[in-house]
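Thanks, everyone. I will take one structure today and go through a surface patch, the salt bridges and the ligand site, in that order.

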Amino acid sequence: MAVSVDEAVSPGPVRDHRPPGRRSTGRGRVVIEVAVLAVLAAVMLFPVLWMIETSIKENRDVYAIPAKFFDFTVTLDHFKDVFVASDGGPTTLSGAFLNSVIVAGVSTVLATVLGVPAAWAYSRFSVKAKKDQLFFILSTRFMPPVVVVIPIFLMYRQVGLFDTKLGLILIYTAFNVPFTIWMMKGFVDEVPAEYEDAAMLDGYTRLQAFWKFTLPLLLPGIAATAVFALIFSWNEFVFAIFLTSSDAVRTAPPAIAGLIGGTTVDWGLVAAASIVFALPVLVFSYLVRKHLVAGVTLGAVRR
Amino acid sequence: MAGIEVTTLHKRYPDGTVAVEHVDLSIGDGELFVMLGPSGCGKTTTLRAIAGLERQTSGDIRIGDTLVNDLSPGERDIAMVFQFYALYPHLRTRDNLAFPLRAEGLPKAEVEERVAEAARLMRLDPLLDRRPHRLSGGEQQRVALARALVRRPRAFLMDEPLTNLDAELRADMRTEIKHLQGELGTTMVYVTHDQVEAMSLGHRIAILNKGRVEQIGTPLEVYDRPASLFCAAFIGSPPMNLIEVELADGKLRSKSGLALTPPPNLPRDRSLIAGVRPEALEVTEPGAEGSVPGRVVSAEWLGDEIIYVVDHGDQRDVRVRMPLNVRFAADAPVGLRHTGGPPPVYDASTEELVA
Ligand SMILES: Nc1ncnc2c1ncn2[C@@H]1O[C@H](COP(=O)(O)OP(=O)(O)OP(=O)(O)O)[C@@H](O)[C@H]1O
Ligand SMILES: [Mg+2]
């Protein structure tokens, strides 16, 4: 222990004694760092950039060889095609987006409504075999969806949940509740129980005390947790493709995947649909970013 | 205002921990009653049971003439101050104070009047428009106290309210709490593990150990005649010297030959331990009358006094409190003698006071 502390401390003074002449190497290092990072960023972001380009290119530019990076005609037709069918009505894709909104939204709300009070209870009360219960709750997340999807498919067919939005909502909720309980329990632990005690002495019931005092302090944590749950449900692919068959129920991820695989692929449409699909999560995360940071770092900065 | 009566209290948490084994307390109306004990002895649990925040496994709690076992905390008409002050973080001082009154549904004028009164008592006027995070620890504590007293409850419960303050502020607040309690005449149960705090505050002190009451008494009684070896070792700084003694020719004698005046009615045929306060011993020149030979092991200067640790040929060294004008060097040969009256004597096997 002592050794590692010494090691951790020693670079400080060394840096302080660095002669001024060596600053230029410092600057050179910055240049190299920036260059390396820029190259990495370009490589990482290239697919995204290419997707954005493809979504606004005319079809003939999409298939042009050699590929056109800059000198193409900009068009928004692909985006229109995502929502408006050739007969002027809504497309199946737009229906899929609506399904995604409903399924992801409702399952996130359900998971939050069930998970937050459960987390509060686990944090505040002595429960028999609390650790075992919490481990069991977590263990339901151990198996990846692909492993359980077949038995669930069979069960759903039996009970009539196959190819229903309710079925998807239930399975996403079941996956998000454990996550919500675990995340939120950490946040509840951080809020001193004395607030509730004090409120109870002031004449409130335990539930009122939770509602009026603890819950407002949990909001950043709830926002962070809900965003993660929302992203999971919104992006989920395996359950969505196995447990749905009709266009009326299908969510966006399998619907977009369905665009690929015919004899010809309308890459412009695929790219535009993907962007429309990615945008809500980006925008939503951006809007709640303050809460996200506050939520994720809550444990680190308090007391 | 009301006294508090706790009978055969027992609390076992669902995980099996027995926090309170058996506690009986009879706290008088208007009394400042201190519960003192080491960490984990069940002080907080007892206090929370009185407040109604924790349901006892068995036993009865009465506040005034009312049996409160089945009353919710809000119905018990008591106020509690926590170690962590639990001021509502989103409310300004003014609203933190008014909060319990508004919860009760008092008319606005009365709320304002009572808040003003509490603010005056705790000198909070300049702080009324601040939120808790802009108050220092001491200020937060004063707000927490003020919030307890606006309600004019039948009793105050305090759970180590000064632990988070630095030493100087703690001493000030101690005086302030004592003064305030005297002024208002409201029953107060004060929990602490700091014996100095207990001694200086309490009308009476209950010493708890492992979920049981070891002794209840005034600070003086508790100091002079600790009811058990546990209390003897817990109270006082440095604590009592516990010396194995035997009754021989009208004196209590330790193995080293140190002679103590025996208390009357000492039972026979038991191994005895005498509790001797450091100030009831004296370090003398070697060979002084009535002294046994010894050697100074170490000396601690405390500013206004010196604590000598003296080896007098017994198993355990003793601590002796001496004024500054008498000085002995470490390792010096000295004499040791007893100067006080009869010390409390304990049975070595039951660890209880026998005389
Ligand atoms: N909610 C709980 N569940 C289980 N055991 C508990 C709970 N609260 C306290 N205990 C246990 O009960 C015992 C008494 O706890 P309590 O908080 O009353 O001690 P205390 O005298 O207030 O100590 P301290 O001076 O450290 O505050 C301890 O052993 C503690 O671990
Ligand atoms: Mg405690």
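Start with Val39(A), which sits in helix H3 of chain A, residues 23–55. The model is a predicted one, so please hear every value as computed from it.

Is Val39(A) buried or exposed? With a relative accessible area of 53%, Val39(A) is exposed, because the cut-off for that class is over 50%. Val39(A) is also part of a nonpolar patch on the surface. Its other members include Ile32(A), Val36(A), Leu40(A), Val43(A), Met44(A) and Ile52(A). Together the patch residues have about 1,100 Å² of accessible area.

Now the salt bridges. How many does a search of the whole structure find? The count over all chains is 28. I will go through a few of them.

In chain A, Glu196(A) pairs with Arg206(A), and their closest N and O atoms are 3.2 Å apart. On accessibility, Glu196(A) is buried at 0%, and Arg206(A) is partly exposed at 23%.

Also in chain A, Arg60(A) and Asp61(A) form a salt bridge with the closest N and O atoms 4.0 Å apart. Arg60(A) is exposed, at 60%.

Moving to chain B, the side chains of Arg253(B) and Asp249(B) meet in a salt bridge, at 3.9 Å from N to O. Here Arg253(B) is partly exposed, with 32% relative accessible area, and Asp249(B) is exposed, with 66%. Chain B also has a network of salt bridges. Its members are Arg92(B), Arg94(B), Asp95(B), Arg102(B) and Asp129(B).

Chain B has 355 residues, and 51% of them are buried. There are eight helices and 20 strands in chain B. Its C-alpha trace spans about 80 × 45 × 35 Å along the principal axes.

That leaves ligand 1. Which residues come nearest to ligand 1? Of the 13 residues around the ligand, they are Ser39(B), Gly40(B), Lys43(B), Thr44(B) and Thr45(B). By class, the shell has three nonpolar, seven polar and three charged residues. Helix H1 of chain B, residues 43–51, gives the most to this shell, with three residues.

On the backbone side, a polar atom of Gly40(B) is 2.8 Å from an oxygen atom of ligand 1. A polar backbone atom of Gly42(B) lies 3.0 Å from an oxygen atom of ligand 1. On the side-chain side, a polar atom of Tyr13(B) is 3.4 Å from a nitrogen atom of ligand 1.

How much of ligand 1 does the protein bury? Taken alone, the ligand exposes 630 Å², and the protein buries 65% of that.

Chain B has the five-membered salt-bridge network from Arg92(B) to Asp129(B), and its helix H1 gives three residues to the shell around ligand 1.

Terms used. Residues are numbered from 1 along each chain as its sequence is written. Chains are lettered from A and ligands numbered from 1 in the order in which they are written. This is a predicted model: local features need pLDDT of at least 70, side-chain atom pairs count only at pLDDT 80 or more; totals for chains, interfaces and linings use all residues. Side-chain values use heavy atoms; hydrogens and water are left out. A residue is near a molecule or strand if one of its heavy atoms lies within 4 Å of it. A polar contact is a pair of N or O atoms within 3.5 Å; within protein, one must be able to donate a hydrogen and the other to accept it, and residues adjacent in sequence count only if both atoms are side-chain atoms. Accessible areas come from the Shrake-Rupley method with a 1.4 Å probe; for residues, only the protein chains shown count as cover. Helices (H or I, at least four residues) and strands (E, at least two) are DSSP runs, numbered from the N terminus. Ala, Val, Leu, Ile, Met, Phe, Trp, Tyr, Cys and Pro count as nonpolar, Asp, Glu, Lys and Arg as charged, and the others, Gly among them, as polar. Patches are made of residues with over 30% relative accessible area and no salt bridge: like charges are joined within 9 Å, nonpolar side chains (Val, Leu, Ile, Met, Phe, Trp, Tyr) within 5 Å. Buried means under 20% relative accessible area, exposed over 50%, partly exposed in between (1.4 Å probe, protein chains only).
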